Amino acid sequence: MSSERAQLERDRPSPGGGVLVIPADALVIVPIRNAVLFPGMILPLTINREQAILAAQQAVKSESQVGILLQRNAEVEVPGPDDLCTVGTVASVLRYVTLPDNSHVIVCQGEQRFRVSEYLPGYPFPVARVVRIDESEANEREIEARLIRLRERALEVLHFMPQVSQELLHAVQNISQPGALADLVASVTEIKTADRQKILETVDLGQRLDAVLDCLLRRLEVLRLSREIDERTRASMDHHQREYLLREQLKSIQKELGEGDAGNAMEIEALRKAIDEAQMPEEVADQANKELKRLQHMSDGAAEYSMIRAYLDWLVELPWREPEPDRIEIAEARRVLEADHFGLEQVKKRIVEFLAVRKLNPSGHGPILCFVGPPGVGKTSLGQSIARALGRKFVRASLGGVHDEAEIRGHRRTYIGALPGNIIQAIRKAGSRGCVMMLDEIDKLGSGIQGDPSAALLEVLDPEQNNTFRDNYLALPYDLSRMLFITTANVLDNVPGPLRDRMEVIELPGYTQEEKLEIARRYLVGRQIEQNGLKDGQIDFSDAALLAIIRDYTREAGVRSLERQIGAVCRRAAVSIAEGTMHTMQVDGSELAGILGPVRYDNEIALRAGLPGVATGLAWTPAGGDILFIEASRTAGDGKLILTGQLGEVMKESAQAALTLVKTRAAGLGIQAARFARSDVHVHVPAGAIPKDGPSAGVAMFIALASLFSDLPVRGDTAMTGEISLRGLVLPVGGIKDKVLAAMRAGIERVLLPARNRRDLDEVPAAAKEKLQFVFLDSVDDAVRNAMPEPVLKPDMEASAAGRLHSGFP
């Protein structure tokens, strides 16, 4: 009757209305995660997925066995045949429980291994044909020896585990079947799920015993090591506790005898001697001795002891004595500057003047120099050269990203982990009160709820105040007037006005192509040869190769990228020489493509020339000057102006002013006024991911729109900059020097500049003046006349002021 009921349950209608018929050689599969059921073991399993619940309910209702299979990837919610292991355990469902939290638990007893042969479709849960695997029995001596060894190791591991039941120990001692013992041990010891699955899949009895033994040995080593660590930790704690008690008893005995701690007395005496030798000012020495007395009457176990000791260490190690006088030789200073830097003549001249004044008036308060320029032009190395010329030590404090006032003034001693500010820390590192300190990236200072660091620098950089600078940690005046402060910045706009007012700004321009070539010859090539382990003569760069790297692989104001590219070539040579394929390497322009890859910078000017509506502007960026293309296009519409390219508000207003100016001068430009009403104008500035702003693109926008509506192209060899007014005037702009150098790097031949920027050409390098033609503009009519290759203006407008052409400056 039992078999008949089971058959009826197997053939019962499914929830969908059909009848579930499960073949006799098939099993309902219950996938499980992170657990393996072995034959003979009882395991409770929590099932929450719909397929597993339906499978378990089917097995309970039909009183049939299920197949327990491990899921390969535990994160898969609805596993398919490929997501399940192929070997599992036939199990009987002893109990099915639904908990109050609506989760389902089945208690399964493993019966026998099986292997899946195929999955059957058409069921709401996994059903598979299986091949049951019989347990192989062997009475060989090797199996018997492995059984004995497995039992010994298993008992040893179980003794390490806390709260092991006596029933489990008894079972391990009395099981005589090797396969059953292996399955039991693999089930109860801490073994990874993947290793348990491998043991389950191992049918050969000898191999299975070896696999379990291997896992037990690894686990045994971990348990032994863990116990040793626990014992050492316990012994160390006992030792420290005993030492603490003995020290406390010793202190009590010494106190009763009227004796002090000998070690503490020696430490106090050493600190007193160091205070006397530090030549502190009277106020500082009094404070140090006061703190020393507090320390003398304090137990070294007190919480405040280490704080006072650290404070005294800072007072003792700071340089208080007067610095040595500067040994300034103007000729030697010139030699140092020439040896360390090429070009920058105006900057070197100003530095020599600065050093000459310091020599004639050593006690005077010189200006705070601020080197401003794009990255890679030598601002930091100029500070090092000044320190060499003065014979002083050089320290550098980076201010980039500093947003806490305590980074400048320090923390008060009451805070845990308090330290002096970066200024005092750098002085301690230098060991001299007269060092050269470079405050790098002063334009990158931030501010937040912790205060404004730029405001804290006002006292540091003011010669009238910094002779009594007070750090919050020291809480004592410290004289900074003998120090030489030098600051660097990429952009002055981000430096607050009061702080900028305390500094003398020295601008460092970008380098020309000829200057970069000379810098590469003198400094960069030799430095990279040394850094990459090469020797003189193993690699040689021709001038053509260096020029090709400068022109085709870098486009920057400084030389950092140039040095990186030279380093890449040196590394390629180092690989070939280390492999023995060559002994020397001659680098010329033809080999660069195979080393550095294809050319990175094409002549973009030539690609955009000859197109109406495209003008070349000049822009200034924190990394130096750059060319900026203004593209204009028109479509049928009702006169709208569309602006794209992530333009700022000022630049948008320049575009609107340029369009208005073109409309007002339409007659003189030969443009029909009706074209504006029937057209939508789209102005785009490429490199749309980069924000752009400023009024200096006004002339370029006007020329682009004039070219668009007159259907005449703009000269491809001409770039321009300048702000425009609604009256057609061209107004002056800034950054002329960097913009001119960018035009020269990009292959521009003619530059249109506002007439009132003529004075800025004094700062432009002579090489740029020789290569470029400069046209000075008073009005937009001058720009039209010099930017268009064909005449555009009508004769009645030719009488306006023409642009003046200047070239070949001395």
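**Strand 7 and its sheet**

Author: Strand 7 runs parallel to strand 12 (residues 484-489), and 4 bridges join the two. Strands count as paired if DSSP finds at least two bridges between them; strands (E, at least two residues) and helices (H or I, at least four) are DSSP runs numbered from the N terminus. The model is a predicted one, in which local features need pLDDT of at least 70 and side-chain atom pairs pLDDT 80 or more, while totals for chains, interfaces and linings use all residues. Residues are numbered from 1 along each chain as its sequence is written, and side-chain values use heavy atoms, without hydrogens or water.

Within the pairing to strand 12, Cys-370 has Thr-487 as its bridge partner. Strand 7 also pairs with strand 13 (residues 503-507), again in the parallel sense, over 5 bridges. There Ile-368 is opposite Met-503, and Leu-369 is opposite Glu-504.

These pairings belong to an open sheet of 5 strands with parallel pairing, in the order 8-9-12-7-13. Strand 8 (394-398) and strand 13 are the edge strands, each pairing on one side only. On average, neighbouring strands of the sheet are turned by 25° against each other, direction ignored; the axes behind such angles are lines fitted to C-alpha atoms.

In a regular strand the side chains alternate between the two faces of the sheet. For strand 7, Ile-368, Cys-370 and Val-372 are on one side, Leu-369 and Phe-371 are on the other, and both faces are covered. Because 5 of the 5 residues of strand 7 (residues 368-372) are buried, the strand is largely enclosed by the rest of the structure. Buried means under 20% relative accessible area, exposed over 50% and partly exposed in between, with a 1.4 Å probe and protein chains only.

Next, helix 20. Helix 20 (residues 560-579) has 20 residues and spans 29 Å from its first C-alpha to its last, close to the 28 Å expected, where the expected span is 1.5 Å times one less than the number of residues. Its buried residues include Leu-562, Ile-566, Val-569, Cys-570, Ala-573 and Ile-577. Among the elements that cover the buried residues of helix 20 are helix 18 (513-531), helix 19 (543-553) and strand 15 (585-587); contact here means heavy atoms within 4.5 Å. Just after helix 20, Gly-580 has a positive phi of about 85°.

Last, the rings. Rings of Phe, Tyr and Trp (its six-membered ring) pair if their centres lie within 6.5 Å; planes under 30 degrees apart are stacked, over 60 edge-to-face, the rest tilted. By this rule there are 4 aromatic pairs. One of them is the tilted pair of Phe-676 and Phe-709, 4.4 Å centre to centre with 40° between the planes. Phe-676 is in helix 24 (residues 674-677) and Phe-709 in helix 25 (residues 698-710), so the pair ties together parts 33 residues apart in sequence. Phe-676 is buried at 9% relative accessible area, and Phe-709 is buried at 0% relative accessibility.

Arg-428 lies over the face of Trp-314, 3.9 Å from the ring centre; a charge counts as over a ring if NZ of Lys or CZ of Arg is within 6 Å of the centre and within 35 degrees of the ring normal. Arg-758 lies over the face of Phe-776, at 4.4 Å from the ring centre.

Methods. Axes are lines fitted to C-alpha atoms, for helices over the stretch in contact, and angles run from 0 to 180 degrees between N-to-C directions.
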